[in-house]
Amino acid sequence: MTLKMELVGEEVIKPSSPTPNHLQSLHLSLFDQFLPPTYQTVVLFYDKESEFDQKNLKEHIIGTNLIQRLKSSLSHTLTNFYPLAGRIHGVTVDCNDEGVLFTEARTDVPLSDFLGNPRYDLLQQLIAPSKVSDPGMWPLLRVKVSFFRNSGFAVAVCVSHKICDTTSLGMFICDWTNAAKGNVLAVNPTFELPIFYPPADLSINLPPTMERASTLTKRFVFGSAKIKELKSKASSKLVTHATRNEATTALLLKCMMKASRSKADAIITQTMDLRARIPSNFLSGKSIGNLFFLPTLKENTEKEIELHDMVFKLRNNKKELDELIKEDSDEVGERLMSAMLSRLYEMSPEMETFVVTSWCRMPFYGANFGLGTPVWVAADSIDKTQVVLVDANDGEGIEAWVTLPEDDMFAFEHDKELLDVAST
C-alpha cells in the first residue's frame, strides 16, 4: 500500500492571550540542554464508527468545523503551555508567542486500510515535519491533522524533546482535548524543572554513544493472553510477580542482545518518570520538562541472560531509585542529577546502548476532542531510543516499536522466543 498525501493548508497558531512579560524567559534544565533536538510524537487515530459525543455529532464533518475547533482550542491551550509557542536560543526558551505549526492534509486511502497494515514508513508520512521545522529551535510544537477517505482522521502531535518528555506531552493533550470540548483546563502546568535540575555550564559534555548503522523500526504486538504467559515465565522467587512492563521489556532486551552483531559490552537503560516518586512539596506532579531518571545496567551481549534474571535487575533499578529519593529529601534533585551523570559517564562509544521507554498507562487513549476516543495510538521512536512501549487499544496488551540496525533486525524479528509471544 502507498500513502499519497495532499497538503491542504499550513498555519501558525499563537496563544489566545499574550504571555506576561515576567514569564517570557525560561531556562532549560540540565537534561533539557543535552537531549538531542528531536520530536516526541504521538499519533491519535479516530474512526467515524466511534461513539461520538451526541452534542457534537453534527460537527463531525471532515473539513471546516473540526479544523476550526482544533485550531481554536489549541490557541486557548497555548496560554497555559506558553513555552511551546516560543523559540529556543541557546539554553533559554524565549516565550515570545511566536506560535506553533498546524498542518492539514488528506489522503484517498481509507483508515481501515491503513490500520490493517500500519507500517512505520507510512506512519512517517502522517508526522513528517515540513522543511521549516527545527525541534531544537522552532516550532517547538507542531500538529498535523490527516483526513482519510470515509471520514477517519489522525492527529499527530510532535513536541520538541528539548522541552518536553512523554508525560509532559500527555498533559498537554489532556488540556487540549478539554479545551476542544469547552471544558475548563485541568492541568495548570508548572515550569519549575530548572530549579530541580539546574542548568549546567555548557563546557560539560555528556559521553558520546556508539554510532548507529542504518536502522529499521518495526512494531511487535503482545496480546493480553501472551503477556500473562510471559509474566509467569519472567517471575521467580526473587520477583514473585513480574509486571507486564517488566516481562515484556526483559524479553525484548534479551532478544535484542541475542540479535546484536557488535558483541560489545552493552548498556541498558530504562527511562523512569519521577513525578509520582518525588514528594509534591519538592516538585509538582504537573511539572513540564524532562523529569526522568536513567538507571543503567551493564551486560555482556555474548552471554545470554535468563528472563527472570533480567526482571530482577530491572526491579532492583527501581528500588535503587526509590532509595536515592528517600535519602535527605532536601537535596533530592542534586543527588539524582549526580547519580545519573555518573552512570552516563560509565558509557563509552564502543558500548552498544539499549534504551527502553514505556508509554503504557499514558492518557492518550482517553484523548477525546468531543468526537470520541482514539481507535489506535502510535508512537514515533525518537533518535537513539530503541524500544517504545505503548498500550494496545484494549488496554491490556502492549505494542512495542523497536528500532535496530538492519542486520540485527533481521535476526531479531525471526527469534523464535520472541515470535512465541509477539506478532508483527
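Which residue in S8 is the bridge partner of Leu-44? Select Val-155 and you have found the partner.

Before going further, some ground rules. This is a predicted model, where local features need pLDDT of at least 70 and side-chain atom pairs count only at pLDDT 80 or more, while totals for chains, interfaces and linings use all residues. Residues are numbered from 1 along each chain as its sequence is written, and side-chain values use heavy atoms, with hydrogens and water left out.

**Stop 1: strand S8**

Select residues 153-160, which make up S8. Strands here are DSSP E runs of at least two residues, and helices are H or I runs of at least four, numbered from the N terminus. 8 of the 8 residues of S8 are buried, so the strand is largely enclosed by the rest of the structure. (Buried means under 20% relative accessible area, exposed over 50%, partly exposed in between, using a 1.4 Å probe and protein chains only.) Colour one side by picking Phe-153, Val-155, Val-157 and Val-159, then the other with Ala-154, Ala-156, Cys-158 and Ser-160: both faces are covered.

Strand S3 (residues 39-46) pairs with S8 in the antiparallel sense over 8 bridges; pairing takes at least two DSSP bridges between two strands. S7 also runs antiparallel to S8, over 7 bridges, and there Val-145 stands opposite Val-155. Zoom in on the hairpin of S7 and S8: 3 residues sit between the strands, and Asn-150 in the turn has a positive phi of about 70°.

**Stop 2: salt bridges**

Side chains of opposite charge can pair when their charged atoms come close. The structure holds 22 salt bridges, each a side-chain nitrogen of Lys or Arg within 4 Å of a carboxyl oxygen of Asp or Glu.

Start with Arg-149 and Asp-108, whose closest N and O atoms are 3.5 Å apart. The pair links S7 (residues 141-149) to S6 (residues 100-110), across 41 residues. Arg-149 is partly exposed at 39%, and Asp-108 is exposed at 54%.

Next, pick Arg-244 and Asp-391, bridged at 2.3 Å, N to O. Arg-244 lies in helix H8 and Asp-391 in strand S16, so the pair ties together parts 147 residues apart in sequence. Buried or exposed? Both are buried, Arg-244 at 10% and Asp-391 at 7%.

Then go to Arg-277 and Asp-322, 3.6 Å between the closest N and O atoms. Arg-277 is in the loop between S11 and S12, Asp-322 in helix H9. Last, select Lys-254, Lys-258, Glu-304, Asp-415 and Glu-417, which salt bridges with shared partners join into one network.
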